[in-house]
Structure formats: structure tokens, C-alpha cells
Amino acid sequence: MFLQLGVHPALVISSAEMAKKFIKNHDQDCCSRPSVSFLNKLSYGGADIAFAPYGEQWRELRKICSNEIFSLKKVSSFRTLREEEIEHFISSISDLAAANIPVNLTDIIISLGSNMMTRIALGRSYHNNGNKLHEILQEMHSISRCLFVADFFPRFGWIDGVSGLDARVEKFMKKLDDIFEEVITEHLDPVRSKSDGAEDILDTMLGLLKDPTNNFTMNNVKGVLMDIFIGGTDTPSLILEWAMAELIRNPQIMKKAQDEVRSVVKSKGKVEETDIQHLHYFKMVLKETLRLYPPAAPATLSQRKP
Ligand code: HEM
């Protein structure tokens, strides 16, 4: 079905067979996300990976990030940190349960996600900033659900000014940028003490700025940081929450998953990352959760290029 959404032509493809044909024959025509003003601001003018249009600059940035930030070596270097955060998460649940206090799983899953991401990206928990960051992410989701008249009918863009939407975006961007500036200044301080001596993602990106041959700019640093917080905080939290909700609704499946975990972990008392490869049923539970409740949508097919 073809829809003309103001200035944006959009094609809705609702069969798997047609989607497959389209991706095969018209991949390059439909692999950019819609170019809308809020995403353009959020991505520091397309300086990130998630919202930048497909092209040479995007390919270059993606290559740098795959090699330097999301490489197997880098991801493995955060293993201890991930295990520490999970241990803290489990013991919070145990403590609350031991004291007969109801557990608000949503809240502690969100703290787990934001603590883990801030430690990986910025080197420490940033408890206060973590909370500020959570508020900012909520505001980001709320703004991204608003309809910007300028995106569909540019001549009537003044309506966004009158409705207060433009001012809301400005205020939001200022808050986000202030946090980024604060952590960047802190990381650039030569006497900064790192909690465990490890290089976090921001350190790596600031290091990339020193090499002029890779065209990496401060806007790329902020754009990629923004991607990591938007892409990496809510997605795992939502999946974890849905998986727990479905397991609670299906006690037989919960029992089978628990039995598998116990048979693999045995007397160790805790799950280590290397155990995951043996948790086949558990992985199926996660994949089924992803199928039922995908927390993010792929760019492909989301918009036909004008
Ligand atoms: C359960 C967890 C996650 C799910 C379900 C998920 C899902 C997705 C999906 C569906 C896309 C769009 C792919 C496309 O357009 O073809 C995406 C892109 C992306 N995600 Fe995730 N994600 C998860 C975790 C993360 C984490 C932890 C990070 C960062 C540390 C992250 C960073 C990104 C980035 C940077 C992109 C843009 C990639 C590109 O355009 O090439 N995601 N994710």
C-alpha cells in the first residue's frame, strides 16, 4: 500500500514474501530512517550511526565503531563489570524478598540497564546522572511520539513554534548536551582517577579524536554516546521485563528454564557469561520474547526514499 504522508512517500509492505523481495532488489532505496527534524537534532546532525542517512559517512563511522567500540575484544573487556552489576541486581532482589518487601521489577531492571550502560560508556555508575539520564530518555521517547507539522508540511512549520514543541526540543537538547559536556570535560581531565583503571567507551572515542585521519569529530562522540544510551538502555530492560512477565504467566516454562539454569550452574551459585552457551532452552525463551515483543524496529522498509 502506498501512502503519501505530506512530503514523505511511504510504502507499507505487509507480507514476508514481498518484504524479502523488496530487501533483495531495493535495499539501498529504503535503508535510511525517515529524515525528521527531531531525529536530526538528536543525532547531532546525522553524526551518529542509528539515525544518519545511509552513505559514505555512515559506512565510515560504522566501520570505526565496529573496530574500536563494539569489537569482541572491547565487549569482552566489560565482562567483569557486567557480572558485578548482575550480582548486585540479584542480591537486591534477594534482600527485598528476605525482608518480605514486594519487588518492583520494572524499577530495578531500569536501574540495572542504566548502571550497566553508564559504567560501560562513562566509566562509573553516575548514580545521579544515571537518574537524570533516565528522565532524559523518558522525555526523548515522549517527544519522539509527537507529530512535528514541519516534517510533513514544511510551509506550516511555524505551528510547531506556536504549539511549544520547538521550545520543548531545544530545552531537551540543552539538557542532553549539558550532561555530555560534563562527562567529556571530566574525561579530558588528565588527573581523572578511573575506578578500575579500565578504558571506557568515552575514553576510546576521545582517543579517536586525536587521530585526524579517521575524520572522527566531537559531534560523532556525542552522537554515538546518544545511540548507546537510547539503543542500549531501554532495549535489554524491556526484553528482561517481558521475559519475566511471560515466565510468571507460564509456570511450566519457568520451571523448565530454572531446571536448565540449575543443571548448568550446579553448585557454583551464580551464572557466569560462559554458561550462556549451554543454556539452549533459556536462549529460546529470550528469542521468543524478542519475537513477541520487539523493543525496536529495523530501519529497512520503514520509509521509501523520496
Ligand atoms: C535486547 C537488546 C537490543 C535489541 C532488541 C536491539 C534492537 C535493535 C534494532 C532492531 C536495531 C535496528 C537495526 C536496523 O535498522 O536494521 C538496532 C540498531 C542499533 N542498536 Fe540495538 N538493540 C539492542 C541492544 C543494543 C545495545 C546494548 C546497544 C549499544 C551498546 C545497541 C546499539 C544499537 C545501534 C548503535 C544501532 C544502529 C545500528 C545501525 O544503524 O547500523 N543496541 N538495535
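In which helix does Asp-234 lie? Asp-234 belongs to helix H12, which spans residues 218–249; helices here are DSSP runs of H or I with at least four residues, strands are runs of E with at least two, and both are numbered from the N terminus. The model is a predicted one, in which local features need pLDDT of at least 70 and side-chain atom pairs count only at pLDDT 80 or more, while totals for chains, interfaces and linings use all residues. Residues are numbered from 1 along each chain as its sequence is written, and side-chain values use heavy atoms, with hydrogens and water left out.

Asp-234 is buried but has no salt bridge, and the nearest side chain of opposite charge, that of Arg-145, is 8.3 Å away. Buried means under 20% relative accessible area, exposed means over 50%, and partly exposed lies in between (1.4 Å probe, protein chains only). A salt bridge requires a side-chain nitrogen of Lys or Arg within 4 Å of a carboxyl oxygen of Asp or Glu, and for charge Lys and Arg count as positive and Asp and Glu as negative, with His and the chain ends not counted. The side chain of Asp-234 does make a polar contact with the side chain of His-141, at 2.7 Å; such a contact is a pair of N or O atoms within 3.5 Å, where within protein one must be able to donate a hydrogen and the other to accept it, and residues adjacent in sequence count only if both atoms are side-chain atoms. Apart from its neighbours within four places in sequence, Asp-234 is in contact (heavy atoms within 4.5 Å) with His-141 and Phe-229.

Beyond its neighbours within four places in sequence, Phe-172 is in contact with Phe-38, Leu-42, Ile-136, Glu-139, Met-140 and Ile-143.

Helices H10 and H12 are also linked by charge. Lys-222 and Asp-177 meet through their side chains in a salt bridge (3.0 Å, N to O), and because Lys-222 lies in H12 and Asp-177 in H10, the pair ties together parts that are 45 residues apart in sequence. The side chain of Lys-222 also meets that of Glu-181 in a salt bridge (2.6 Å, N to O), with Glu-181 likewise in H10 and 41 residues apart from Lys-222. Lys-222 is buried, at 6% relative accessible area, whereas Asp-177 is partly exposed at 21% and Glu-181 is partly exposed at 34%.

Taken as a whole, the structure holds 17 salt bridges, and the secondary structure of the protein chain comes to 14 helices and two strands. Buried residues make up 36% of the 306 residues, and the C-alpha atoms fill a box of roughly 65 × 55 × 40 Å along the principal axes.
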